[in-house]
Amino acid sequence: MWIVLVAAMWTVAEWVRWSWAISISEQYKKGTIGDTGASPVVAGSLYVFAALLFALALVDIAVAWHRRLILAERPRFIGSHFATAIAWQYFAVFLVLTGAAAIPPALLYAVSMLDLESLPETLADIVAAGFIFSAVFATFAIVVRFSLVLPARATGDHDSSFMKSWKATRGNTWRLLWATLACVVLPALLLELPLAWFGLPSDRPSPTEMFTTDVPLQRIVKSSLGMPLQLVYQLLTLPICIGYLSYCYQYFARRE
């Protein structure tokens with residue numbers, strides 16, 4: 001049901017956006033731009049609602065799978081976890097992890113403002129690559145070392161904290177890193193490669209094209225399918241990563 005709702009909402013948002021864009025581009029080419037209506041506001045609101053719906057779907061599915069694998073609890077009906085504090089606590093932890101993961105890239109951006117032109121070209125490339133690798137590694141290290149709090153909150157374990165998760169996973173950063181990448185990146189590539197082959201995610205017409213040329217309807221339809229397909233696929237493959245986290249939580253909890 002979550003997949004149907006997310007796909008439908010995002011498709012409606014895309015349809016409203018492109019209907020408005022086509023109408024405005026046709027008026028612009030004729031030189032008779034009139035009332036644009038409220039379509040941009042409506043489309044923007046639909047995109048926000050679709051993104052919120054997707055976030056709720058992620059949390060609800062994740063909590064259900066954690067509890068299924070760890071507590072052997074049968075999944076409840078859609079959205080039922082939001083009637084309790086479990087889903088909201090899970091969502092809060094997810095936001096904290098997202099904020100923590102954003103720190104290294106922010107530091108990388110600050111470092112990128114440094115003037116490296118005074119260095120030799122080869123040395124400047126090495127320094128820049130080192131900064132990028134450090135930021136990526138630090139981001140993943142933070143997330144994977146703290147990630148055990150997610151299944152803990154999903155199962156009602158309030159004793160597990162970020163510090164306990166960090167201590168429990170000491171000495172296992174690289175193992176957790178590669179396993180997480182395998183669970184997240186490999187499934188994503190199975191979708192991204194076919195999408196890139198058919199030009200679905202990147203073949204979106206630019207505003208300049210819309211106002212200066214006649215963009216084929218087939219291209220607009222293809223560009224609109226990319227994001228709904230990605231969202232649906234992410235929901236379908238989410239249990240892979242959630243299952244991995246659940247087993248990690250059980251292993252390290254027993255080790256403690």
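Mentor: Helices here are DSSP runs of H or I with at least four residues, and strands are runs of E with at least two, numbered from the N terminus. By that rule the protein chain has 9 helices and 0 strands. Keep in mind that this is a predicted model.

Of the 256 residues in the protein chain, 38% count as buried. The largest nonpolar core holds 34 residues, and Trp-2, Val-6, Val-59, Val-63, Tyr-90, Leu-150 and Leu-235 have the most contacts inside it. At least two residues of this core come from each of α1 (2-30), α2 (39-71), α3 (85-112), α4 (121-146), α5 (149-154) and α9 (217-255). The biggest contribution is that of α2, with 11 residues. Take Val-6 as an example: leaving aside residues up to four places away in sequence, Val-6 touches Leu-53, Phe-54, Ala-57, Leu-231 and Leu-235. There is also a second, separate core of 11 residues, with Ile-70, Ala-168, Cys-248 and Phe-252 among them. Across the protein chain, 77% of the contacts between residues at least 6 apart in sequence join residues at least 24 apart.

Turn to the surface. The protein chain has an accessible surface of about 15000 Å², and carbon and sulfur atoms account for 70% of that. One nonpolar patch there consists of Val-184, Val-185, Leu-186, Leu-189 and Leu-193, with about 430 Å² of accessible area together. Leu-189 sits in helix α7 (residues 173-198). Leu-189 counts as partly exposed because its relative accessibility is 38%, and that class lies between under 20% for buried and over 50% for exposed.

Notes
Residues are numbered from 1 along each chain as its sequence is written. This is a predicted model: local features need pLDDT of at least 70, side-chain atom pairs count only at pLDDT 80 or more; totals for chains, interfaces and linings use all residues. Side-chain values use heavy atoms; hydrogens and water are left out. Patches are made of residues with over 30% relative accessible area and no salt bridge: like charges are joined within 9 Å, nonpolar side chains (Val, Leu, Ile, Met, Phe, Trp, Tyr) within 5 Å. Accessible areas come from the Shrake-Rupley method with a 1.4 Å probe; for residues, only the protein chains shown count as cover. A salt bridge is a side-chain nitrogen of Lys or Arg within 4 Å of a carboxyl oxygen of Asp or Glu. Buried means under 20% relative accessible area, exposed over 50%, partly exposed in between (1.4 Å probe, protein chains only). Contact means heavy atoms within 4.5 Å. A nonpolar core is a set of buried Ala, Val, Leu, Ile, Met, Phe, Trp, Tyr and Cys residues joined through side-chain atoms within 4.5 Å.
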